[in-house]
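Have a look at it first.

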2 protein chains.
Amino acid sequence: MVETNGHTSTEQAILDAAEELFFDKGYKLATTTAIAAKAGVTHAMLHYYFRTKEQIFLKILDKNMNEMFTMLQTVMSPDLTLKEILKEVVNLHYSFLSRHEKLPSLILELAGTCPEMFHRYKARLRETVDKEVFNHRMRFDREADAGTLNRIDWFQMMFMIISMNLSTFLALPLMRNVFGMDSRQETAFLEERRKEIIRTLYARLFGKGLPEESAVSQECII
Amino acid sequence: MVETNGHTSTEQAILDAAEELFFDKGYKLATTTAIAAKAGVTHAMLHYYFRTKEQIFLKILDKNMNEMFTMLQTVMSPDLTLKEILKEVVNLHYSFLSRHEKLPSLILELAGTCPEMFHRYKARLRETVDKEVFNHRMRFDREADAGTLNRIDWFQMMFMIISMNLSTFLALPLMRNVFGMDSRQETAFLEERRKEIIRTLYARLFGKGLPEESAVSQECII
DNA sequence: CCGATGTTTAACAGAGTTGTTAAACATAAT
DNA sequence: ATTATGTTTAACAACTCTGTTAAACATCGG
């Protein structure tokens with residue numbers, strides 16, 4: 001049953017079922033039995049192909065994290081104005097999230113309940129953040145000096161962008177639950193949300209006559 | 001062993017242990033055995049006092065949700081300017097969250113994995129939201145008409161405030177993990193974050209000369 | 001002291017979890 | 001056809017989870 005890509009069809013079926021269940025229920029609550037059942041095989045097959053639950057999970061997590069890092073690295077193309085870059089960052093991140101709706105909550109679960117599993121990505125994440133800091137932080141400060149941009153701490157700005165995008169998708173299950181949105185309303189809400197995030201970001205960075213609270217302390221977290 | 005408050009000391013010990021474990025591990029992963037062990041009793045005691053895991057959980061969740069609703073209702077005192085109200089909303093919500101650091105992720109877990117358990121709060125949440133809409137929405141629209149405020153959809157604004165605050169605390173475990181913050185850095189980060197959230201909100205609402213993206217569509221989700 | 005009541009323990013039941021293993025099955029090469 | 005190889009199954013082991021129960025223990029009113 002070996003196919004051209006080197007995977008057997010059952011191997012792929014297990015991977016697909018596992019990915020869906022891990023994202024749906026999280027690492028601990030997605031059981032090997034349920035994964036096997038969804039793939040249409042005995043749970044012994046899962047251990048035959050991947051030995052342990054942890055190994056199959058890491059294979060899936062790796063795939064998704066790689067896509068995330070690729071997105072993070074390509075997100076900032078240097079030959080654009082800051083204003084264009086910011087819009088691009090929000091849009092790309094946002095579209096990545098709509099293709100990986102449940103990745104954020106999985107990562108948050110992992111950070112909370114099995115941090116050791118998250119360990120393998122820490123170095124890479126820090127490295128990526130640091131690199132982007134060096135690439136773009138100076139530029140923000142220069143524009144702030146020139147007065148074409150309201151001063152903002154770089155880390156706070158990144159945190160703001162990421163958290164505004166993330167929380168939209170983190171809150172989605174809750175919104176569906178409480179407000180009973182259908183898929184048309186959901187699409188409309190997400191689109192309106194994306195625009196509002198850019199609006200807010202632009203207001204913070206390029207708006208004039210901001211109140212005195214806009215003063216920024218110099219301390220930086222990283 | 002009955003004490004003055006009507007609870008036995010073991011009953012209280014179980015409640016305390018349960019609260020800590022439920023917030024730490026979530027509903028499904030906090031086991032009755034572990035709760036009993038932490039309380040220093042046999043797990044049979046847990047069933048003697050509370051019959052089932054679900055009942056003890058609901059008792060704890062109820063307590064926390066009540067505090068949340070109280071906070072939500074008292075958060076908007078009507079005899080303040082909009083500007084003052086907004087700052088007050090952010091500050092109260094933020095301080096509530098620092099006292100209930102792990103409530104958001106528990107609620108998100110619940111919405112995802114046991115929505116039926118969340119069901120009992122839906123009506124009350126909708127009701128609270130609706131009430132606040134009627135109380136304050138007109139006021140925002142009036143000020144926007146008068147030009148003392150940039151126009152913004154009320155729901156989007158509430159979502160923005162809540163999500164900026166929430167995501168700060170949702171990301172905290174991850175930040176500790178990745179950047180290894182000590183508690184002094186953490187306090188500084190949280191304080192800087194709180195100020196930045198107010199800055200951003202003020203910029204969006206009161207900033208002048210916002211780019212064309214600031215136009216707001218009229219459609220409303222609720 | 002005694003019995004009624006409330007509390008605690010230890011053992012058990014039943015279901016579900018991850019992981020192993022020996023035997024059955026399929027398939028292709030010799 | 002036979003053998004070697006890879007795949008699949010069903011049964012099993014060891015563990016953990018929730019919940020029950022009968023018996024032991026404490027405490028206090030009479």
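A helix here is a DSSP run of H or I with at least four residues, numbered from the N terminus. Please keep in mind that the model is predicted.

Q: Which element gives the most to the surface near DNA strand D?
A: A residue is near the strand if one of its heavy atoms lies within 4 Å of it. By that rule 17 residues surround DNA strand D, with A:T42, A:Y48, A:Y49, B:T32 and B:H43 the closest. The element that gives the most, with 4 residues, is α3(A).

Q: Which residue has a polar side-chain atom 2.4 Å from a phosphate oxygen of DNA strand D?
A: Let's go through the phosphate contacts one by one. For A:T10, an N or O atom in the side chain is 3.1 Å from a phosphate oxygen of DNA strand D. B:T33 uses a polar backbone atom, 3.4 Å from a phosphate oxygen. The side-chain atom at 2.4 Å belongs to B:T32.

Q: How many charged residues does the surface near DNA strand D have?
A: Sorting that surface by class gives 7 nonpolar and 9 polar residues. The charged class has 1.

Q: How much area do chain A and chain B bury between them?
A: The size of an interface is often given as the accessible area lost when the parts come together. In this model 55 residues of chain A are in contact with 55 residues of chain B. Carbon and sulfur atoms hold 68% of the buried area, and the total is about 5,400 Å².

Q: Which residues of chain A lose the most area to chain B?
A: Together, the residues in question make up 12% of what the chain A side buries. They are A:Q156, A:F159 and A:R199.

Q: Which residue of chain A meets B:E196 in a salt bridge?
A: Across the interface of chain A and chain B, the rule finds 2 salt bridges. One of them involves the side chain of B:E196, at 2.8 Å from N to O. Its partner is A:R204.

Q: Which element makes up the largest share of the side of chain A that touches chain B?
A: Several helices give two or more residues to that side, including α5 (82-99), α7 (115-146) and α10 (183-206) of chain A. The largest share is 13 residues, and it comes from α10(A).

Terms used: Residues numbered from 1 in each chain as written. Chains lettered and ligands numbered in written order. Predicted model: local features only at pLDDT ≥ 70, side-chain atom pairs only at ≥ 80, totals over all residues. Heavy atoms only, no water. Polar contact = N/O pair within 3.5 Å; in protein donor to acceptor, adjacent residues only side chain to side chain. Nonpolar A, V, L, I, M, F, W, Y, C, P; charged D, E, K, R; others polar. Contact = heavy atoms within 4.5 Å. Buried area = accessible area lost by both parts, 1.4 Å probe. Salt bridge = Lys/Arg side-chain N within 4 Å of Asp/Glu carboxyl O.
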